[in-house]
Each structure stands twice: as structure tokens, then as C-alpha cells.
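Please open the model in a viewer and keep the selection panel at hand.

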Amino acid sequence: GGRKSSGINAEYGDAAAATDSATSSNHLVSWSALARFKGYIRELELSTLLILNYKSPDSSPSPNSEQECLTSLNLSETCMLLEDLLLKCKFKLKSSASVFSKPDANLGFSRLSSIPDSKFMQQFMSLLPSLCQIMEDNVSEGQDVSLDTTMEEIAMMQSNPVKVKAFELIFTMLELVFSWPGFGTNSQISTECFSILGSRLHPSTQGPLSVRRKHALQYLMNFRGSCQTFSSTLSLLKCCSVISSSTDKQIAELCKTCLEKEWELTPDEKDAKVRYNEGIGYMVQLFLDNSHEDKSDLLDLILSELEMVVKGCKEDQDKVFRSFTKTTLPIIYRLTLSQLVAYQQTIASDQEQGFTILTTSIAHFSTLISYIKIVNSRTILKSALVSGQKFLHNFLSLGLPLLANMMSTSYLDVQALLKKIQTSTRTLHHVTCHTKSSKDIALTARVPLLKKFLEAFVLKVKAMLASKGCTEAFWVGNLKQRNLKGEEIVSQVQIEEEDEEDEDEDPDLSELSVDTEDEEEKEASNTDDNSDSMSVGY
């Protein structure tokens, strides 16, 4: 055990030497990278982490620098202890189902597993002032500098990865603590935690829990200037979003600044590209949830940025969010569809602006669904299948009754809106056909529910128009089975010819088209030729 510990110290010593020489080619050997050896390394006691109370040595030389180094921790040693503390926090505070836990989940935590969560939190609180001191000692000189740093500043931060890693580790630990279920139920622990953090900014932090929470949030947000890498900034945002009791303008502004930036990823971040894409999606979600701007304006902004990515515009002068790329497009597409469904649900609470909300949501939905034929992505297809049925459900329950009441006064507006959504439902029908022909089991499982709502859409629109005496303004016909490229699926044609003999008595409601009186005779005579241009498929 002792020989292995000396080996770890030697590796961290080498990393510290590489950091001091400011060479970007050498990388820090992390404690978590040695996780596969933790079964052979003696478990650190919680009391051992009290050595974090020793201050880190100052970078400026002093007459007693050699003596100070003997009684203090360098950044590499501090980072090693922080990673060990983070692993302990994940083991004790992160909830996970025991059924899916790994067989070696308790490996290296045999003594920690016998400690109650409340006692562990008490010992963590005793270390919290030291964690705050570590962050304060490593604050970058350009604290008030925005995240739009120069390449020289980024290179300087990357040459000292331990300093940035310390912020990321501490913020991740605080996020676990704030997300722990017992944190909200135990007022003593939450009050003590917020008081410790808030007192670093306001020494006389007193009053109700909401005031202390606000001071703690402000204290953490003050470190945003020192988080120059994507991972550290993401950890800060997650930590702050957990303790934020309501929408916070500071969090929205920080998210917007991060999305506007074209990030220079570190080598570790480049290896974890999936985590970066998920992080961008998290920032988009956080920006939309905390922004005080109108939700319609926010959706317009997001859709305009997505359009530039989809169409592959090379000119980035008009591009606001430079983090929107083809790699981050699928997750942003999914989040935007989810936000659009939530925006559509506000029709019930705002009847006065109901038609405006419905018109805007249908226009945005039509734009997003049209991207399916441009971008070849399985993730986007899945998002369309899932959110498509939710959007249609909201339209049938909230939008269609609203349109029924407007038929007598605004028939042309209702007709234009129905034609607009027809294009989207036809594309969704092609998606279901494409999914079946591709034999993707996971996507095919989403098809029946979507087809159910597409069928309900056809029947309910027909019933609404019939109840208003507009039976001659629509017709029902056969909708051809096509893939996303618009090509007819041959196998489906053969199946249809076989089924026509057995289904002569049942009308086919796979297509519904709303026409004007002037176009009625023309469209009725060309049903087969124009069934794809004016149809609603399910």
C-alpha cells in the first residue's frame, strides 16, 4: 500500500513539475484516472481530508518559501484530495438504484459505507470553509473579465490545468450536496451551508433562509470570471441552478454568454465530446428557463440560429450563438421541440392571446419538422416522433376548440392555419413510413402512438368542419406511403393493392385536405395526382 501511495505522489509530483514549466503537452494524472486501482489502495479516512485546511503556497517567492512548502499543499496535492472527496460525495449523496449498481460499487468505500449520511454531511460542512478558501486563493487576476477571452488567456489557463480543475471539482461537489434529498428536508444543514457560503461575501449573513440562499448564490457567481474552460463553467452553472429558487437573470446572462462563445476545448473535453454536446443542451435549457424575455422571442432566436446551422451558412457575422454546430444540433433540436410543446400549453392560461400563440407554435413546428428532410439524423427522427404526438395532442385538446369558435368570424384564418399544419402532419406520416421501412426497432415502437394522434387529427378536423356546415370544403382520399426523400415505398404499394380487396366497405381516412370553394372542383378531379401536396397523413 505504501509503495503504491508513493507512486501516486510521484506521478502528481511529475504533473506539478509539468504545470510549473507551463508546458501544454503534459497532462495532469488525476486521482479518478487511478480508479481501477482503488481496490489496492488504502481508503482515505474523512479525517485525513482535514489537511485541506493547510493553505496552498503563494506563487511569489519569499524568504521562508522552503519552510512554507513543508507545511502546505501544492495545487496538485490539493486536487488529488478534492477528487477523493468528490468520489466520497458521489458514493454517499448520489442516489442510484441498487438493482443496477455495479458489483464493485462499494470497493474502496468499505469504511465510508458504515457512516450515516447526516454524519458525513457534518464532516463535509467542517471542510466547506477550506474549499471556499481554495477557490479564493486561486481566483484569476482577471476576475471581472468576461468569458470572451483571448487565445493567449486560454493558453495560459490550459498551461495550468490544476487551477481550473480545482474549481470544477468543488462546484461538482456543491452540486451533489445541494441536490442531495436530505439537503432540502434538513433545515439545519441547508442553513449552515448557505451561511458559510454567504458569510464569505457578507460577514453578517443573517435572516431567513431565502436571504442566505441569495447571498450564497451571489458568492458562487462571483467566480464566473475564473472559470475559463467549458467544464468548469458548466459545473458552476449546474451548482448555481440547483440553489436558485426562481428564475435568475444572472444565470440567463451567463448561459447566453457561454452559448455566444466558440469554445476552445481542452484535450480531456475533446475526448468527451458527448459530454460537451449535453452541456450545450443544458445551457440552452437553463437559458430558456431563466430568461425574463418573452418565450415567443426566445423561440424565434433559437430557430433563427438553428436555421443557419441546418442550411450551412458559412457567414458567421450574423450568428449569435457560435456554439450551435452540426454536432450540437440534435440535442438543441430536441430541447427546442420540448419548449415549443410547453409554449403551446400556455393557450389554456391565456385565452386572449390564444390564437397568436397557436399561430406562432404551428409556424415554428412546421419549420422544425421540415428539417427532418434536410438533416439525416436518427436523434432528430426520434425527437420528431416523441414531440410530434405531444404537439398534436395539445392541438386537439386546446387548439382545435379555439379554432371551432373562430370558424364563423375568421374562416380564412382558420383555413390557412389548418393548411399550415397539414404540411407537418404529412411529413410526420412520411417519418412513420420511413421508420417502418428502416426496421429500426427503437423508433418503430414510437410509431403507433403518433399514428393514433394523426388519425384523431383527421377525424376531429373533419367533424369540426362538418359541424360548421363546411362539408364541401374538404375531402378524404388515399395517402401514398413515401420515405423522407419523397420516394414511394414499393412494398407498401403491393400491400395496399392486396388490402383494397378486403377493405372496400371501410372509408380510408389517411388523407384530409381543406380547400376553398374555388379550388374544390379542381382538387376533386385530381385527387390521385395532388394527394401529396394537400394531405394530412397519419
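In which handedness of crossing does α16 pass α17? The crossing is left-handed, a term used where the near helix is turned anticlockwise from the far one by less than a right angle, right-handed being the clockwise case. This is a predicted model, in which local features need pLDDT of at least 70 and side-chain atom pairs count only at pLDDT 80 or more, while totals for chains, interfaces and linings use all residues. Residues are numbered from 1 along each chain as its sequence is written, and side-chain values use heavy atoms, with hydrogens and water left out.

**First stop: α16 and α17**

Select residues 354–370, which form helix α16; helices are DSSP runs (H or I, at least four residues) numbered from the N terminus. Helix α16 packs against α17 at an angle of about 150°, with the axes 11 Å apart. Axes are lines fitted to C-alpha atoms over the stretch in contact, and angles run from 0 to 180 degrees between N-to-C directions. The two helices are therefore roughly antiparallel (over 145 degrees). Next, display the contact (heavy atoms within 4.5 Å): on α16 it includes Phe 355, Leu 358, Ile 362 and Phe 365, and on α17 it includes Gly 388, Phe 391, Phe 395 and Leu 402. By class, this contact has 11 nonpolar, four polar and no charged residues. Here Ala, Val, Leu, Ile, Met, Phe, Trp, Tyr, Cys and Pro count as nonpolar, Asp, Glu, Lys and Arg as charged, and the others, Gly among them, as polar.

Move to helix α11 (residues 249–260) and helix α13 (residues 273–290), which pack at about 140° with axes 8 Å apart. Select Cys 255, Cys 258 and Leu 259 of α11 with Met 283, Val 284 and Phe 287 of α13, which are among the contact residues. The contact has 10 nonpolar, one polar and one charged residues.

Note on methods. Parallel < 35°, antiparallel > 145°, perpendicular 65-115°, else oblique.
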